[in-house]
Amino acid sequence: MNLRENRVALPLRSFRLASVFFSTLAMLSLGGCASWNKPLPSVKDAPPPELLGAKDIDPAMRERIMRSVGQDADERALRDELKQQPGNVDAAIRLTNALVAQKRQHEALQILDGVLLAAPSNLRALNAKGVVLDLEGRHVEAQALYRQALKTEPGNQMLRNNLNLSLSLDGTPDPSASARSS
C-alpha cells in the first residue's frame with residue numbers, strides 16, 4: 001500500500017468503527033427505554049429461595065437430619081481418637097452410644113471388641129458390650145459378660161442390675177438371686 005491509499009483507508013476504517021459503536025449504543029439505550037415503564041423488582045419484593053419440597057419435610061425429620069450431620073462429625077472425631085488411643089474407654093462408649101442410637105449395633109460391637117483387646121478386663125467396656133448384646137437379643141452372651149465383670153467387682157450395682165434385666169429379658173431366673181434369698 002502506498003501513502004495515498006493509507007490516507008483514504010484509515011479514515012474510512014475509523015468511520016466504520018465509529019458507526020458500529022454508535023448504532024450499538026443506540027440499540028442498547030432504546031432497548032432500555034422500551035422496558036422503562038415496568039418497575040424494577042427490588043430485593044425486598046423477591047421471594048426467598050426455598051428448597052424443593054421443603055414444605056413437605058416433617059419438622060421432626062428436619063431435626064433428625066440436623067442431628068445426623070452433627071453426629072457424623074462427632075463420630076469421625078471419636079473414631080480418630082480411638083485410632084490414636086485404642087484403649088480409650090470413654091471415647092469408645094461415646095461412639096458406641098452414638099452408633100446404638102443410629103441402630104448400628106454391629107458396628108458398636110466392633111468398637112467395643114477393639115477396646116476390649118486393649119483393655120480386656122475393663123468393667124465399663126464389658127458392661128457396654130453386654131448392653132449392646134442385650135439390645136441385639138443375644139442375652140446369654142450378655143449375661144456371660146456381666147458375670148465375668150461381676151467376678152472382678154461383685155458389689156457393682158450397675159452390673160448386677162444389667163444382669164438381672166438381661167435375665168428377665170431372656171426369661172431365665174438368676175440362680176444367684178435364689179441362692180441369696182435362701
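So, H4 passes H5 in a left-handed crossing, meaning that the near helix is turned anticlockwise from the far one by less than a right angle, with clockwise being right-handed. H4 covers residues 105–118 and H5 covers residues 123–135, and their axes come within 10 Å and cross at roughly 160°. Those axes are lines fitted to C-alpha atoms, for helices over the stretch in contact, with angles from 0 to 180 degrees between N-to-C directions. H4 and H5 are therefore roughly antiparallel to each other; that label takes angles over 145 degrees, while under 35 is roughly parallel, 65 to 115 roughly perpendicular, and the rest oblique.

Quick word on the source. This is a predicted model, where local features need pLDDT of at least 70 and side-chain atom pairs count only at pLDDT 80 or more, while totals for chains, interfaces and linings use all residues. Residues are numbered from 1 along each chain as its sequence is written, and side-chain values use heavy atoms, with hydrogens and water left out.

Back to that pair: who touches whom? On the H4 side you have Gln105, Ala108, Leu109, Leu112, Asp113, Val115 and Leu116, and they meet Ala125, Leu126, Ala128, Lys129, Val132, Leu133 and Leu135 in H5. Contact means heavy atoms within 4.5 Å. The residues of this contact split into 11 nonpolar, 1 polar and 2 charged. For the record, Ala, Val, Leu, Ile, Met, Phe, Trp, Tyr, Cys and Pro count as nonpolar, Asp, Glu, Lys and Arg as charged, and the others, Gly among them, as polar.

Next pair along. H5 and H6, residues 139–152, have axes that come within 8 Å and cross at roughly 160°. That makes H5 roughly antiparallel to H6, and H5 passes H6 in a left-handed crossing. From H5 the contact includes Leu126, Asn127, Gly130 and Asp134, and from H6 it includes His139, Leu145, Tyr146 and Thr152. Here the residues divide into 8 nonpolar, 5 polar and 3 charged.

Now a few single residues. Asparagine 162 is in H7, residues 157–170, and counts as buried at 17% relative accessibility. Buried is under 20% relative accessible area, exposed is over 50%, and partly exposed is in between, with a 1.4 Å probe and protein chains only. Setting aside neighbours within four places in sequence, asparagine 162 is in contact with Asn127, Val131, Asp134 and Tyr146.

Then leucine 99, in H3: buried, at 0% relative accessibility. Beyond four places in sequence, the contacts of leucine 99 include Glu75, Arg79, Gln105, Ala108 and Ile111.

Most residues other than glycine have a negative phi. Lysine 103 has a positive phi of about 60°, and is exposed, with a relative accessible area of 69%.

Zooming out, the protein comes to 8 helices and 0 strands. Buried residues make up 25% of its 182 residues. Of the contacts with a separation of 6 or more, 41% are between residues 24 or more positions apart.

Methods. Helix = DSSP H or I, 4+ residues; strand = E, 2+ residues; numbered from the N terminus.
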